[in-house]
Amino acid sequence: MAPDLTQKLEADIRFLHGMLSDVILQREGAAFFETLQDTLKLSSAYRDKKSESDFKSLTQLVGGLENPAAEKLTRALSAYLTLVNIAEEHHKVRLARHEGEISLSSTFASLAQAGIAGEKLFQSVAALRIDLVLTAHPTEIMRRGLLQKYTNIARALEIRDYTDVPAFEQQLNNDAIRREIFGIWETDAIRKKKPTPTDEAYGGLLVFEQTLWHEVPRYLRELSAALHAHTGKNLPPDAAPVRFSSWMGGDRDGNPNVTHMVTRRAVWLAQWMAAVLYEREIDKLRFELSMTAASDELKNLTENAHEPYRAFLKKTVGKMNATRLRLEDLLQKSTTQITDYYRDTTELTAELEVIHRSLCSVNMQVIADGRLADILRRLAVFGLYLVKLDIRQESARHKQTMGEITRALGMGDYADYPEHEKIAFLCSELKEPRPLVPAELDCSPESREVLDTFSMLAQIRTESLGAYVISMAKQASDVLLVHLFQKVSGRKKHLRVVPLFETIEDLQNAPRILKSLLAIPEYRALIAGKQEIMIGYSDSSKDSGILTAAWNLYRCQEEIIAVCREAGVEATLFHGRGGTIGRGGGPTHLAILSQPPGSVEGRIRVTEQGEMIQAKFGLPSVARRTLEIYTAAVLTASLMPPPGPPESYRKVMEQLSETAAASYRSLVYGNEKFLEYFQAATPERELGNLNIGSRPAKRRAGGIESLRAIPWIFAWTQTRVLLPSWLGVGDALARLGEAGELHTMRHEWYFFRSFIDLIEMVLIKTDPRISLSYDAALVPEALGTVGEEIHEKLKETTKRVLRLSNTDALVAYDHNLQREIRYRSLWLNPLNLLQITFLKRLRENSENEALRRGLLLTINGVAAGLKNTG
């Protein structure tokens, strides 16, 4: 990073922290402020000298505070970290502008240098289908009211960068920042109640209203300009290289709170927000188009009105108003009398294209390319639905429902049928015109909800819905069964059905299952030559560790693509990634380019979860940057895919994977003390008290296997161990020792290089001294050996990774990240010690609400300090 840019970041942080310090001193008094300063002095001394005496002094200071002071200190440290986050996010965009990082123009230039012809580049960009799927997060921490304040501060920081703003305007801007910081300090960071699925669905829409609605057309203008510069052609107006879907309000897997009524309401909410936004834009367009010259087509449609554009758009605005009012009726009372409204996107698009043709025909292309072009581009991306809603349900629930139907029909229990009989039954019923479900079927509430969901989906217009995802898909019949339920419900155009393969066993079986499915003529008749497959990163990592999961995911994709090619079917891979590296997260560009060759081909779906939505799309400049990175990465992976690994690399990976899985499972599933240690050393048991996501933390009662992958990683992240994101890697590398093949793979194979880079990113966030403090304060002596083994493995893993990377420091390739981690430890280390204090006291007095509140605040703070939860 250039020194002057680093200084700008540091100046931003000093400016924000100075304001926060003023607020704290004013509101909390000199005595507390002195405690805060003493804490930071000791933390700074420990960070700089790594002195054990400084660490003990810091531990004693924090541990000796009364609960109210400890809570206040937690709030202060968390607020400082939050402001660091805001400044750093703003700075990343500043860096991108100055350092020539990945951009559309540089990507197009690289592709041209690689021999990609202009026409092929144009066609590839125009055909891109990047679908970003927003999902709720069981451990999403931040309250949305606070998120808005953070966004306002970030936008104000952009203004501070402008050198031509008058001094008085800058003072007004600074005053606005001060008010937001004051508001942050005085706002309760803890939710009073858990959000409902409807709350999550509505909250997920806010990012569209606040940023994406404005930034997507601007991004598409930038893309079109870059494309024209390199190919001489503009991006077609109906091209939508990036689209958006959502699981919020549609994901019912393991969440009984998501009912068919919740899903219907989520669809209506998205349609309503789209109607509000379009009505606003079209009304502005009507005001702008006061010109009188028009095409004969438009003159005839408006009966030669003096201002034909306004006359034409008056009807459009009125109909959009009716569309909005209809949706408000549905949301308020589930019924409406309004019949003249826009039923689908093509209807509105056709009307606006009349305006566009007219303007172009009278030489007013410059007007046509303004607000009107932006609205047409929005219609291509957002439609009249804003975001398509995916539906997700577990395969076992479908089988249970069909079992109750077949029993009622005297046909035995469907769940007991062998696979070949299930397929024969399903194929037969797909062609059968008679109704399958008895009119008065007496079934369980769970099965009734499944049937009600399909009936509800049959009444929703197709363009508002995305895929129907089947979690825990085990057989070809699981996919056929969902198609049968769609047919039974009366749905004419079936939603695409997407099997989700999650565990290591599922990933290994996926190609066989897919091959069986694509060999069924009745199924092929339903899919129009296209198949989407979802692969899950979280459960596969929790199952056998990150290295084994990564390799099995790679192989699974290779084999799935081969199966689809052999069957003549176009495959789209849907990546169920999380925010953390242990759940498939990491830098977007790195992740996409490390996929197997041939697995992208201009099409990809990826989940964006929880706090990552805000991190990637919450600020206008960051949102555009995110879209740019996705586009550049998918284009590069499609047109210049990295070569596949030679057989020697594959053999090494098989050895690494086998050893890593054995090491991981030996500790996590084989050590009888592990579960008890995990619950003692981390805040896992206390997570249930967090008013965060609407989904339960566990799928069912039980041990590690029943715990959802997200809180599993969340708990380890809090204690700075991050166990799931590295366990098994050290032992695997140790098995191969100094094998030259490993070093060659590290430098020459993109997949392995990116994997080791990600492991380094994890390891630099760990802190053995902090995690040992959790053990010392919270873990019974009888369980101490588990902690000792974990810390020894962490030490060995770090040593092996450094040796493989031939460096003395982790992430030597990223000095910005090194600086970030070191810098944040000033506030993060005392937050961890506060968390230990609250955990210890709460476990001794479990009914104390003040202690529970203090703990939750530390969880918020540590998550902010590490910039992720689970």
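Start by selecting helix α5: what covers its buried residues includes α6 (118-127), α9 and α25. Contact here means heavy atoms within 4.5 Å, and buried means under 20% relative accessible area, with exposed over 50% and partly exposed in between (1.4 Å probe, protein chains only). Helices (H or I, at least four residues) and strands (E, at least two) are DSSP runs, numbered from the N terminus.

A word on what is on your screen: this is a predicted model, in which local features need pLDDT of at least 70, side-chain atom pairs count only at pLDDT 80 or more, and totals for chains, interfaces and linings use all residues. Residues are numbered from 1 along each chain as its sequence is written, and side-chain values use heavy atoms, with hydrogens and water left out.

Stay with α5 (residues 104-113) and show Leu104, Thr107, Phe108 and Leu111, the buried residues of this helix. Now look down the axis: these buried residues line one face of α5, because they fall within an arc of 100 degrees (the arc of the directions from the helix axis to the C-beta atoms). Then step on to Gly115, which follows α5 and has a positive phi, near 100 degrees.

Next, the charged pairs. A salt bridge is a side-chain nitrogen of Lys or Arg within 4 Å of a carboxyl oxygen of Asp or Glu, and a search of the whole structure finds 53 of them.

Select Glu215 and Arg624, whose salt bridge has its closest N and O atoms 2.4 Å apart. Glu215 belongs to helix α9 (residues 197-231) and Arg624 to helix α25 (residues 620-639), so this pair ties together parts 409 residues apart in sequence. Are these two partners buried or exposed? Glu215 is buried at 8% relative accessibility, and Arg624 is buried at 15%.

Move to Arg822 and Asp48, a salt bridge with 2.7 Å between the closest N and O atoms. Here helix α34 (residues 815-844) supplies Arg822 and helix α2 (residues 30-49) supplies Asp48, linking distant parts of the chain, 774 residues apart. Arg822 is partly exposed, at 44%, and Asp48 is partly exposed, at 44% relative accessibility.

Glu570 sits in strand β7 (residues 570-576) and Arg603 in strand β8 (residues 603-609), 33 residues apart. Glu570 is partly exposed at 31%, while Arg603 is buried at 17%.

Finish by selecting Asp131, Asp390, Arg496, Glu532 and Arg605 together: salt bridges link them in a network.
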